[in-house]
Amino acid sequence: MTRYGASHFGKTLLWATTEVYAVYSLTEFIGLSPVVAGITFLSLLIWSAFCDLAVGYWLGRTADSTLPNTLMRWCAVLSAAAFALSFAPLGAGPGYAYLALFATALFRPLFAFADVPHNGLLRELGTCPAEWVRLSMLRLYSGAAAGLVLSAGGMLMLAGEADPAQFRLFAIGIASLGVGLFLLSPPVRPDGVTRRGGRAIAVSAVTHGSVLMVLAATMSGIVGFSLMLKLFPYLAKFGFGDLGWAGRAMLAVTLGKLAAIPLWYWLERRLGASVGSIIAYAVLAVAAALIGRTLTIGLPLDLLLGMFGAAMGGASMLSWALIAQAVEQVEAQFGGSAQSLLFGLFTCLSKLAVGLGGTILALGVGWIGTDALPVAGGLALCLTASVMGLAAAAILATILRPGYAGLRPGAPASTTKRARVLIDEPPRLT
């Protein structure tokens, strides 16, 4: 468990830095226009996302028990090296900018090959819904700790005017710490990659109604979260005149995540992960709308950013528990292995949602203009994120409607081991 938490901490350092600063780096250091940067960012994430899906499907069918661990460790090292090169060119001139852009493209597939086997450990290390929720909590605590490091580094290294040399040093430090901790990951269980499923189980798992609802809700919510996170550096530069504000905003978001973890655990124990997720997405909608309104009247944002962080933490924690329960129930129904495939699909769609959030931001900035960002432009983008939160809550609520006949992942879970029962209310199977 300690190794899992440490490795997730290291992995999150790499991914969170990319999530927050990638579009900004493409525009400010590599020299792309906001629209081209958004399209580039989305294209790279699409490639990374389909790598996730392909790796997940492949691992679900292979009998080679050593390959996932080999991929996870070697690709972690290579992706960290590409990550360090991707932020800020090594020198002046288009050649260096092209090198940084190539490293940005290379990071995505390399990270996918390390990420998919590691994500499957969530289900392998737990044996029942209660344990998957606790593992999701561990992921959230580790991710929040990574956010603290990221925000502290942002405040120390990026205060004032943006300097490519400082940004490069910042990226090298994050890459070194991230890969060192990622390599502490526990190994994937040999029986977790034994060939037990084929195309039939793959099609049945992916097209199941409840699985599709969980994935669609998660994707919609991530678009909202991603849009807000990527907005911070632009607000920092064009609204507050200090890029270090983005680091302070990330600190407030991270503290909100940490403070709300016990509340989300309490809600999940009593209402289930589905209802808890609906509440988290509703909080996202309210927080994003209030942040946008507050920008127009110039009041402090700290408490609202903490509220946004609480929503982000709850949605992340409970969505991982939901997908683990969906994997367990799909395998029980169809009698084959779906772990690697569904976790790969989950991260695939999550990355597409992150890319879509970045694209919406870039198009919005290009259309609205940076001069309007602190006021009307910021409000419009925040309201867009709010709508995505409402959509996620509405999609997930369909699973709970009376008469629904599909799998119902996320009902209040017992602590009974998987060999006996999965949830207190037996799932209704189509």
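The model is predicted, and residues are numbered from 1 along each chain as its sequence is written. Local features need a pLDDT of at least 70 and side-chain atom pairs count only at pLDDT 80 or more, whereas totals for chains, interfaces and linings use all residues, and side-chain values use heavy atoms, with hydrogens and water left out.

**Fold and confidence**

The chain contains 13 helices and 0 strands; helices (H or I, at least four residues) and strands (E, at least two) are DSSP runs, numbered from the N terminus. Read from the N terminus, the order of elements is α-α-α-α-α-α-α-α-α-α-α-α-α. Of the 430 residues, 59% count as buried, where buried means under 20% relative accessible area, exposed means over 50%, and partly exposed lies in between (1.4 Å probe, protein chains only). Among the contacts with a separation of 6 or more, 83% join residues 24 or more positions apart; a contact means heavy atoms within 4.5 Å.

The mean pLDDT of the chain is 77, and 77% of the residues score at least 70; pLDDT is the predictor's confidence in each residue, from 0 to 100. Confidence is highest in helix H10 (residues 273-297), at a mean of 88, and lowest in helix H7 (residues 199-206), at 57. The pLDDT is below 50 over residues 191-197, a stretch that has 23 contacts in the model beyond near neighbours in sequence. It is also below 50 over residues 413-430, where the model has 46 contacts beyond near neighbours in sequence.

**The largest cavity**

The whole structure holds 5 cavities of 30 Å³ or more. On a 1 Å grid over the protein atoms alone, a cavity is a set of points where a 1.4 Å probe fits but cannot get out, and lining residues have an atom within 4 Å of a point. Grid points are joined across faces, edges and corners, and a volume is the space filled by probe spheres set on the points.

The largest cavity has a volume of about 800 Å³. It is lined by 38 residues, and those closest to its centre are Trp 15, Glu 19, Met 312, Ser 316 and Trp 320. Two or more lining residues come from each of helix H1 (2-28), helix H4 (94-125), helix H5 (129-157), helix H8 (209-239), helix H9 (244-271), helix H11 (302-334) and helix H12 (339-368). H1 gives the most to this lining, with 7 residues. By class, the lining of the largest cavity comprises 18 nonpolar, 14 polar and 6 charged residues; Ala, Val, Leu, Ile, Met, Phe, Trp, Tyr, Cys and Pro count as nonpolar, Asp, Glu, Lys and Arg as charged, and the others, Gly among them, as polar.

Helix H12 has 30 residues and spans 43 Å from its first C-alpha to its last, close to the 44 Å expected at 1.5 Å a residue. The expected span is 1.5 Å times one less than the number of residues. Of the 30 residues of H12, 24 are buried. Ser 350 lies in this helix and is buried, with a relative accessible area of 14%. Apart from residues up to four places away in sequence, Ser 350 touches Thr 218 and Ile 222.

**Further residues**

Cys 51 is placed in helix H2 (residues 34-59) and is buried, at a relative accessible area of 6%. Outside the four places on either side in sequence, Cys 51 touches Pro 109 and Ala 112.

Ile 323 belongs to helix H11 and counts as buried, at 1% relative accessibility. Beyond its neighbours within four places in sequence, Ile 323 is in contact with Leu 215, Leu 342, Phe 343 and Phe 346.

Tyr 141, in helix H5, counts as partly exposed, at 37% relative accessibility. Its contacts, leaving aside neighbours within four places in sequence, are Leu 258, Ile 261 and Pro 262.

Gly 272 is found in the loop between H9 and H10 and counts as buried, at 0% relative accessibility.

The table lists a C-alpha separation for these residues.

| Residue pair | Separation in sequence | C-alpha to C-alpha distance |
|---|---|---|
| Cys 51 and Ala 112 | 61 residues | 6.2 Å |
| Ile 323 and Leu 215 | 108 residues | 8.3 Å |
| Gly 272 and Leu 318 | 46 residues | 9.1 Å |
| Tyr 141 and Met 317 | 176 residues | 9.6 Å |

Definitions and conventions:
On a 1 Å grid over the protein atoms alone, a cavity is a set of points where a 1.4 Å probe fits but cannot get out, and a pocket is an open set with protein on both sides within 12 Å along at least five of seven lines; lining residues have an atom within 4 Å of a point.
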